[in-house]
Amino acid sequence: MQIESKIESVKDQIWVVGGYGQVGQMICTQLGRSFPGKVWAAGTRMNRAEEFSRSTGGIVHPLQLDVRKAIDPVVLQSVKLVVMCVDQTDTRFVEACAKAGTDYIDISANYDFLGQVEQLHSKMQRSKATAMLSVGLSPGVTNLLVREAGAHMDQVDEADITVMLGLGEKHGKAAVEWTVDQMNATYQVMKKGKPAEVQSFHDGKWIDFGADLGRRKAYRFNFSDQHVVARTLRIPTVSTRLCLDSRWMTRSMAISKRMGLFTLLRIPSLRNGTVKAFGVIPGGEPMYAVKVDAVGWKKGKQVHVEQLLIGEREADATAAVAAAVAERMYRTELPHGVYHIEQCLSLQHVQEALRFPLKVTTKIT
């Protein structure tokens, strides 16, 4: 009688898709330090992946991969975790991860896509895999700050999230394209428990960013965190606003919106020109700030919780948080299924895994 022995392949690889991009390189480098020889920088351009691999001294391997094309789940049988740093239009690749039992992290801020991934919850559960969404600064840390603010209350009535981005930071092309595409967006938010239609760069609000940065006027923007935490943390009114460190630039964008100039961004040549212009705007600092203002009740009294985070280089913060979450998912088993970061982790969990913890100031009145 012949006995067949089945050889199981070791599931220990980490694929960072878009791993040779701005944020992807930092994630690969950080994970490469913790798991040398296990990390692969994946993308469509093999020459870029190889060039980056050489710059790491071979700690990170190169891999050619196009997530827009169908992929056989068998290819992923040795992959324990995928960190996705590029935008996708459908969930075929995530479904392949589900079939292969491969964990998945996504740093995308596109809620339309994240909503599609949420539908794969039972598929991920069946294969005993975890998909973690909203991983980065915004969404990501913003979600965790709202959760943290809620911990100081019995009930949260409203959460306002505000993101300030520094013009001195050079962002990756994909991040700039996404921002430009959202400038003319009309979208829905939750207001007193009901959906309300709003527009990007409308409805300005004065936000206090503390002694150093002062009060700034910020405008609605279609970041995904406001859509997510309204549901996951059961908050009836949630908004996310954006401002730039340059007051005149924020103001001129709001004026452009009022004049209807952002509608011209539908013209491809003007849209592409605007994307290029963002790369050469003078002035500004390579900084970011995040402010969460939450209002609710504690023991029958109204409470206002303010959470403020100021740091340097938003892309670095996104990469550091993504790498910290990836390290935790690689080493420990989280609940199976599809989750946003605040459903499985607290700010403290992420802080413990960061090499340089985020400096968050909390004020309760």
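Predicted model: local features only at pLDDT ≥ 70, side-chain atom pairs only at ≥ 80, totals over all residues.
Is Thr237 buried or exposed?

Figure 1. Thr237 belongs to strand β12, which covers residues 237–244. Its relative accessible area is 13%, and because a residue counts as buried under 20%, Thr237 is buried.

**Figure 2. The whole protein chain, as a setting for the close-up views.** The protein chain contains 14 helices and 16 strands, and its C-alpha atoms fill a box of roughly 75 × 55 × 35 Å along the principal axes. For 365 residues a compact globule would have a radius of gyration near 21 Å, and the value for the protein chain, 21 Å, agrees with this. Buried residues account for 53% of the 365 residues. When contacts between residues at least 6 apart in sequence are considered, 69% of them join residues at least 24 apart. The protein chain exposes about 17,500 Å², of which carbon and sulfur atoms supply 52%.

Figure 3. According to the domain assignment, domain 1 consists of residues 13–135 together with 316–356, while domain 2 consists of residues 141–313. The C-alpha centres of domain 1 and domain 2 are 25 Å apart, and the contact takes 21 residues from domain 1 and 20 residues from domain 2.

**Figure 4. Helix α7 and its buried residues.** Helix α7 runs over residues 173–182, and its buried residues are Val176, Trp178, Val180 and Gln182. Among the elements that cover these buried residues of α7 is α11, residues 268–278.

**Figure 5. Ala323 in helix α12.** Ala323 is part of helix α12, which spans residues 314–331. With a relative accessibility of 3%, Ala323 counts as buried. Apart from residues up to four places away in sequence, Ala323 touches Gln30 and Leu31. Gln343 is 20 residues from Ala323 in sequence, and the C-alpha atoms of these two residues are 18 Å apart in space.

**Figure 6. His121 and a contact across the sequence.** His121 is placed in helix α5, residues 121–126, and counts as partly exposed at 27% relative accessibility. When residues up to four places away in sequence are not counted, His121 touches His336, Gly337, Val338 and Tyr339. Although His121 and Tyr339 are 218 residues apart in sequence, their C-alpha atoms are 8.1 Å apart in space.

Figure 7. The peptide bond from Ser138 to Pro139 is cis, with omega near 5 degrees, and Pro139 is found in helix α6, residues 137–150. Lys299, which is not a glycine, has a positive phi of about 50 degrees; this residue lies in the loop between β13 (287–298) and β14 (301–312), and at 73% relative accessibility Lys299 counts as exposed. Arg313, also a residue other than glycine, has a positive phi near 60 degrees. The loop between β14 and α12 holds Arg313, which is partly exposed with a relative accessible area of 36%.

Definitions and conventions. Residues numbered from 1 in each chain as written. Heavy atoms only, no water. Helix = DSSP H or I, 4+ residues; strand = E, 2+ residues; numbered from the N terminus. Rg over C-alpha atoms; globule rule 2.2 N^0.38 Å. Buried < 20%, exposed > 50% of the residue type's maximum accessible area, 1.4 Å probe, protein only. Contact = heavy atoms within 4.5 Å. Areas by Shrake-Rupley, 256 points an atom, 1.4 Å probe, with all protein chains shown as cover. Domains from an automatic or database assignment.
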